[in-house]
Amino acid sequence: MIARLWPIFTRDLALLLRGAQGRGGAVLPLLFFLAVAMLFPFAVGPDARLLGRTGAGVIWVAALLAAILPLDRLVEPDLEAGFFDQWALRGIAEEALLLVRIVAHWISFGVPLLLAAPLSAGLLSLDAGQLRVVELGLLLGTPGLAAIGVTIAALTAGLRAGAALGGLLAIPLAVPLLIFGAGSLQPGGEGGLLLLAATSLAALAIAPFAGGAAIRAGRE
Amino acid sequence: MQACHLAARDIACRRGDRLLFKGLSFSLQGGEALHLAGPNGIGKSSLIRILAGLLRPFAGAVDREGALALSDERLALDGHQPLGAALAFWRRIDGSAEGGADFGLEDLLDVPVRYLSTGQRKRAALARVAASQAAIWLLDEPLNGLDTQWAAVAQDRIAAHLAGGGAVVIASHQPLALAGVRELALREYVA
């Protein structure tokens with residue numbers, strides 16, 4: 001099984017990182033994330049104290065929006081091209097395929113976000129302590145965002161206006177991650193990180209099964 | 001090749017609120033070919049998908065022994081990849097060596113899949129099926145878009161697969177020049 005999933009993983013990763021066949025690649029969500037972090041000081045003004053107090057929350061909102069950006073490219077193109085049918089024919093479970101895709105998606109959007117966070121922390125005048133909590137929070141939270149993203153992508157694949165609908169569906173599901181992630185930055189909010197990790201794990205545990213069921217139901 | 005077997009028992013197929021066919025049964029052993037015949041829209045492709053296990057029959061069941069390979073209108077090859085790399089992706093998953101049947105694709109291996117013509121894409125799909133080493137081939141309109149030369153080659157490959165002990169189900173509205181192929185007219189099962 002692992003030997004068959006490995007080529008699938010490398011293909012997923014190459015497609016999501018590089019972007020081909022109408023997939024945007026890893027650069028677009030990253031630039032989007034930085035653009036939101038850059039816009040915010042323009043909107044609220046350069047007051048460093050205000051930015052420092054609200055900036056970490058903005059990073060979380062930006063991460064959430066960046067996670068939504070590639071949703072319509074995650075599952076739809078492969079479903080349309082018949083890849084999922086061919087994998088099903090070979091007895092490879094949809095759950096395994098989606099788990100592989102969640103990992104690939106996380107590497108292509110979560111890791112760049114982690115790398116870009118110090119830059120956006122500079123734009124938003126966060127101090128080193130806050131940045132550390134933001135990085136830790138993103139490390140714990142982005143796998144959950146990736147899991148939710150792939151689930152929603154599987155659910156809305158093949159629907160007309162699936163892209164817009166996907167964004168709308170993903171936002172409420174991601175709210176707990178946002179609350180715990182941003183909440184962990186409040187004074188004494190370290191417990192938020194544990195809740196963030198728990199929410200992320202729950203999303204990771206449910207996502208392959210929910211998405212797999214969606215893909216099978218979509219064949220009918 | 002391993003012993004293979006494909007049987008449909010009393011299958012009915014419903015798409016939307018329309019019952020396409022019902023009471024369809026057949027049994028196929030290694031070395032045998034079945035031609036699903038009938039006009040457009042009668043349910044040939046739906047039956048192929050039911051046999052592939054991708055669609056649940058409205059009634060009845062499919063018994064199968066042996067691995068499946070499917071060629072339908074979905075190519076399942078990455079459009080931006082050169083044909084050679086796109087085919088190699090499936091060979092890696094199937095663990096098969098350089099595919100047996102070549103379908104005259106040698107000169108096209110470094111051409112991106114999206115630049116292939118209709119007939120070349122069909123040949124690529126057949127090459128993917130042939131390289132999969134599966135015993136049971138499900139081919140949906142395998143001769144569509146092929147010129148007479150390649151239609152003959154494709155049917156030779158299918159005959160060779162049958163001679164090797166494989167089984168083939170072909171959905172086609174065109175007559176086939178295959179020896180010993182059984183015809184199943186879906187018209188007789190229309191509900």
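This is a predicted model: local features need pLDDT of at least 70, side-chain atom pairs count only at pLDDT 80 or more; totals for chains, interfaces and linings use all residues.
User: Now the inside of chain A. How do H2(A) and H3(A) cross?
Analyst: Helix H2 (residues 27-44) and helix H3 (residues 48-68) of chain A cross at roughly 150°. Their axes come within 9 Å. H2(A) and H3(A) are therefore roughly antiparallel to each other.

User: Is that crossing left-handed or right-handed?
Analyst: The crossing of H2(A) and H3(A) is right-handed.

User: Which residues make the contact?
Analyst: From H2(A), they include A:Phe32, A:Phe33, A:Val36 and A:Ala37. From H3(A), they include A:Leu51, A:Val58, A:Ile59 and A:Ala62. By class, the residues of this contact are 16 nonpolar, no polar and no charged.

User: Take A:Ala37. Is it buried or exposed?
Analyst: A:Ala37 has 23 other C-beta atoms within 10 Å, so it is buried. The cut-off for buried is 20 or more.

User: What does A:Ala37 touch, leaving aside its neighbours within four places in sequence?
Analyst: A:Ala37 is in contact with A:Val58, A:Ile59, A:Ala62, A:Ser120, A:Leu123 and A:Leu124.

User: And where is A:Arg4 relative to A:Ala37?
Analyst: They are 33 residues apart along the chain. Their C-alpha atoms are separated by 40 Å.

User: Switching to chain B. How do S1(B) and S2(B) run?
Analyst: Strand S1 (residues 5-15) and strand S2 (residues 18-29) of chain B run antiparallel, joined by 8 bridges. B:Ile11 stands opposite B:Leu24 in S2(B).

User: What sits between the strands of that hairpin?
Analyst: The hairpin of S1(B) and S2(B) has 2 residues between the strands. B:Gly16 takes a positive phi near 65° in this hairpin.

User: What about the sheet of 5 strands? What is its order?
Analyst: The order is S5-S6-S7-S3-S8 in chain B, an open sheet with parallel pairing. Strand S5 (68-71) and strand S8 (181-185) are the edge strands, and each pairs on one side only. From one strand to the next, the twist averages 15°.

User: How many bridges link S5(B) and S6(B)?
Analyst: 4 bridges, in the parallel sense. B:Leu70 has B:Leu138 in S6(B) as its bridge partner.

User: Which strands does H4(B) lie across?
Analyst: Helix H4 (residues 148-163) of chain B lies across S3, S6 and S7 of chain B. H4(B) runs at about 145° to S7(B).

User: Last topic: phi. What is the phi of B:Ala76?
Analyst: It is near 55°, a positive value in a residue other than glycine. Most residues other than glycine have a negative phi. B:Ala76 is in the loop between S5 and helix H2 (83-94) of chain B. B:Ala76 counts as buried because it has 22 C-beta neighbours inside 10 Å.

User: And B:Gln133? Where is it found?
Analyst: B:Gln133 is in the loop between helix H3 (118-131) and S6 of chain B. It is not a glycine, yet it has a positive phi of about 65°. B:Gln133 is partly exposed, with 18 other C-beta atoms within 10 Å.

Terms used:
Residues are numbered from 1 along each chain as its sequence is written. Chains are lettered from A and ligands numbered from 1 in the order in which they are written. Two strands pair if DSSP finds at least two bridges between them. Axes are lines fitted to C-alpha atoms, for helices over the stretch in contact, and angles run from 0 to 180 degrees between N-to-C directions. Two residues are in contact if their C-beta atoms, placed from the backbone, lie within 7 Å. Angles under 35 degrees count as roughly parallel, over 145 as roughly antiparallel, 65 to 115 as roughly perpendicular and the rest as oblique. A crossing is left-handed if the near helix is turned anticlockwise from the far one by less than a right angle, and right-handed if clockwise. Ala, Val, Leu, Ile, Met, Phe, Trp, Tyr, Cys and Pro count as nonpolar, Asp, Glu, Lys and Arg as charged, and the others, Gly among them, as polar. A residue is buried if 20 or more other C-beta atoms lie within 10 Å of its own, exposed if 12 or fewer, and partly exposed in between; C-beta atoms are placed from the backbone.
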